[in-house]
Amino acid sequence: MSSRIEILNDGGFRSDGRRQYELREMTFDMAEQAGADGSASVAHGLTQVRVSVFGPREAKMRSQTIHDRANINVEVGIAPFSTGDRRKRSKGDKRILEFASTIKSTFEPVIQTALYPRSQIDIFVHVLQQDGGVLQACINATTLALANAGVPLLDFVCAVTGGVHAAAPMLDLTTLEENDLPHVTVAVMPRTGRVTLVSMETRLHVDRFEEILRLAGQAGGVIHKEMRAVVRERTKGLVDAMGAGVRTSDFAEDAMVADS
Amino acid sequence: MQITFTSFPSQSGLRSAYASATKHATEDDEDAYMDVEPFDDFESDSSRLTCPGETLTSAQSFMRGHGTYVDNDDVISSVAGTVERVNKLITVRALRTRYNPEVGDLVIGRITEVQPRRWKVDANSRQDAVLMLSSVNLPGGVQRRKLESDELQMRNFFEEGDLLVAEVQAFFSDGAMSLHTRSLKYGKLRNGQLVTVPPILVRRLKSHFFSLPSGVDLILGLNGYIWVSKHVKESEREGEEGFDAEAVYSNRNDDIDDATRTAIARVTNIIRILAAHSVPLTDVVLLEAYEWAVEQDADVKGLLQEDVSDALVAAVTSG
Amino acid sequence: MAFKSLSKSEKAYIQASLQSNSSLRGDGRSLQEYRTISLETGVAPLANGSARLNIGKNDAEAGGGTEILAAVKLEVEDIEHGERVDQGRVTCSVSCSPAAYPLASSGGLDDLQHDYSTFLDDILSHPSITPANLGIVRGKKAWLLALDLVVLSDSGNVYDAMFMAARAAIWDTKVPRTRSVEYRAQKKQEGDMDVDEEKQSGLDTRQVKAATDFELEDYWDEGIPLVGREAWPICVTLNLLSSLHFLDATSQEEAATPLRLLLVYSVASKSTPALQGMQLLGSGEVDVAQIKKLIQDGEKHASQLLAAINLKLRDEEVRLTDKARLKFASVR
């Protein structure tokens, strides 16, 4: 499928007026949603997702428990009106299941599941609008929702999409660009620079791949900075609201008792 | 009939940390990477904030506690919250999380399942708690022996949905807590309604049972479940003459007059407001808030109006 | 919802409070009072019309509320072989986020979605309320109006919320302006483009004299509002507790109420409301005389609810127009 729109014009601008490496406007919202232990809404340009985390809590089905760590359950719902053409996918849809398992495997090594044997952590993802970079938005939103729920994470996971147009790499693709270009979604853990996810459905030349991976790592750092600022702001807001902050003496005692 | 339509609040403010930015990935992003703050100011600043993946200190001179892990000789935070230090122990306390039980804690729970010789209880923790049949007092007195028939009629004591107040007794090897209600203060709850708040807002207090004027009793569960109910007269407390031992497992409410019901609704709304503003709940704060509400003559619903609730919060936090 | 179980004494407490002389509710509302409803239209840029609605989210309380997202998508549908020719049609489906029912099993959630979808679709797809301007080319093409709702959270009164969100999305919907076009084979004379269609072999396109299609008009606005949107139905749920009924129940109140009567009304301008649908939920019975009375009461509530929501929808329209104008000005 090729569109008539120029992906990258001679002036170095993309169809939506961005430069090659420019990311779309991102919004991160950590407002509480009814009932969830943690939640977050994330938008990259027009793409918008909402994630709610429940748990660690009692597993709904006993067969799902794992004796030495928590089970992570990811469910994805895609609003039928989220794409240009309306399409209703059922929950059992292969693509949705695959998408959910991608998110699960991204976070499995990051969440400290061993702290919660036999528990379950539910991650409910709802895609409300799609304009490219859906996986990237889901992963970033899941990171924030988990942090919001106080689930221990080794690090943030920050994802970004990269593609190549005629040897020129680009970041944070829209649907239009995704349709035309080979692209890959990369998730990094900023502290170590470790990559927890590379998801590619198109072919990409090996030389380009390396470049994209490097760029994605860099962009992940930029996204991380934003996400971290939001988490900090929320934490600070809560601490300030709790008055003089958390009194050290009280909680230190708790911690000692608990840790011993 | 009354209906009010409003718009969604604009994205900002305390309860919804929010940011929006457009970035160039190749911008000079030196500061995108950890601005590692020196650890020296740690002592002075007791509520230092941190995020998952942030290096806190060296693992050689400190020990890791909750909310941290060790990687390559560094103690690193795994949750967003405040850093606490006691001697060599570093912990990070998350501000929103499920309840972390400790032995001796007072909790309120809801029965989720009846199993052979035990109940499963939701107590807002990582797993359902367990209440053994042997850990409850049966009607007929503390000394009464357990009969086989008791096992067959466990639903006569507690059934699914029932609320109870209990104490954390011990932990199983998988971290699940076991509860007991072997005190006359504990047991089934009735004559009131439940409010839930983030567990961090309920501090460990001398007593978690207390009464407010206007005939309202409160039980503050450390797991964030709070029971607001009609006041039980001293003379009808456990051990006293008027105490009805048979009523321990009753599902029937006493007669409650309208004034008490209004008071209960008012206290419930006060707790909701304070919790929404992250005000830690103690007997003192609740009493102050209640008195303020009575003084202002704010009706139950009026409390939820933004200006009134803000004034309420300001009144209790300034004192 | 039934997924949240209450203890017997909690239920009894709620019931007794409602039935007491001063009819007390847990949050201090009167029996006929709604929680605050937040509403915003135009929330999904990829849809032809959309709305987000929340009942019960209070600034003073964190989280909470029943939240619904509704969106309308218009698709061109071939109706040559369909039954109804010119009108176009409406379909409606509901999906529930598992976050709205965190304790439900996956099967339970599917059942719930199915129940919601069936109830809404039965009522909303009825030809009597299908907007009049969904036709495009007579006998050939029409718009299929697909209305999708997402239940993001449920803190009670989800049916009223869904119908209100649907109404708001319908209100916000703009039908693109179209113009019929004729493709004509050169040799044939004009004027009989509709003749002889049946005789042609469908495969041999060279033989087709004329086919009729449409194109989108270039026009300054996004399109035309749906004709007949005022008559779009609205639901009032009466929660029945012996002889009294109350509105806008929270999930706790729902758990303590044995019976709910859903009444769906459509009010065309100035005429009396027409009952479009009705359903009794829960176990229990109501006698006929009482139902009559309830339908009358429901009518009153529906008129008031409609007046309130229409006011808000007009405000939203103004807000969106202003926003568009500002945006336009800033681009220039």
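1. Two antiparallel strands of chain C, β11 (residues 234–241) and β13 (residues 259–266), are joined by seven bridges. Strands here are DSSP runs of E with at least two residues, helices are runs of H or I with at least four, and both are numbered from the N terminus. Two strands count as paired if DSSP finds at least two bridges between them. Within this pair, C:Cys235 is opposite C:Val264 of β13(C).

2. A word on the model and its numbering. The model is predicted: local features need pLDDT of at least 70, side-chain atom pairs count only at pLDDT 80 or more, and totals for chains, interfaces and linings use all residues. Residues are numbered from 1 along each chain as its sequence is written, while chains are lettered from A and ligands numbered from 1 in the order in which they are written.

3. The pair in point 1 belongs to an open sheet of four strands in chain C, with the order β12-β11-β13-β14 and antiparallel pairing. β12 (244–246) and β14 (274–282) of chain C are at the edges with a single partner strand each, so one side of each has no neighbour in the sheet. From one strand to the next the twist averages 25°. Angles run from 0 to 180 degrees between N-to-C directions, with axes fitted as lines to C-alpha atoms, for helices over the stretch in contact.

4. What packs on this sheet of chain C? Helix α3 (residues 158–172) of chain C does, touching β11 and β13 of chain C, and its direction makes about 170° with that of β11(C). Contact means that the C-beta atoms of two residues, placed from the backbone, lie within 7 Å.

5. Chain C also meets chain A: 24 residues of chain C are in contact with 23 residues of chain A. On the chain C side, β3 (66–78), β4 (89–96) and β6 (141–153) each supply at least two residues. The residues on that side are twelve nonpolar, nine polar and three charged. Here Ala, Val, Leu, Ile, Met, Phe, Trp, Tyr, Cys and Pro count as nonpolar, Asp, Glu, Lys and Arg as charged, and the others, Gly among them, as polar.

6. C:Arg138 lies in the loop between β5 (135–137) and β6 of chain C. This residue, C:Arg138, is partly exposed because it has 13 C-beta neighbours inside 10 Å. A residue is buried with 20 or more other C-beta atoms within 10 Å of its own, exposed with 12 or fewer, and partly exposed in between, the C-beta atoms being placed from the backbone.

7. Chain A has five helices and nine strands. Their pattern along the sequence is β-β-β-β-α-β-α-β-β-α-β-β-α-α. Buried residues make up 56% of the 260 residues in chain A. Of the contacts in chain A with a separation of 6 or more, 71% are between residues 24 or more positions apart.

8. Chain B has a mean pLDDT of 84, with 83% of its residues at 70 or more. pLDDT is the predictor's confidence in each residue, from 0 to 100. Over residues 28–45 of chain B, pLDDT stays under 50. Where pLDDT is low, the predicted coordinates should not be read in detail.

9. Chain B has an open sheet of three strands, antiparallel, in the order β4-β7-β6. Its edge strands, β4 (55–58) and β6 (68–71) of chain B, each pair on one side only. Three bridges link β4(B) to β7 (residues 74–77) of chain B, and B:Ser58 has B:Asp74 of β7(B) as its bridge partner.
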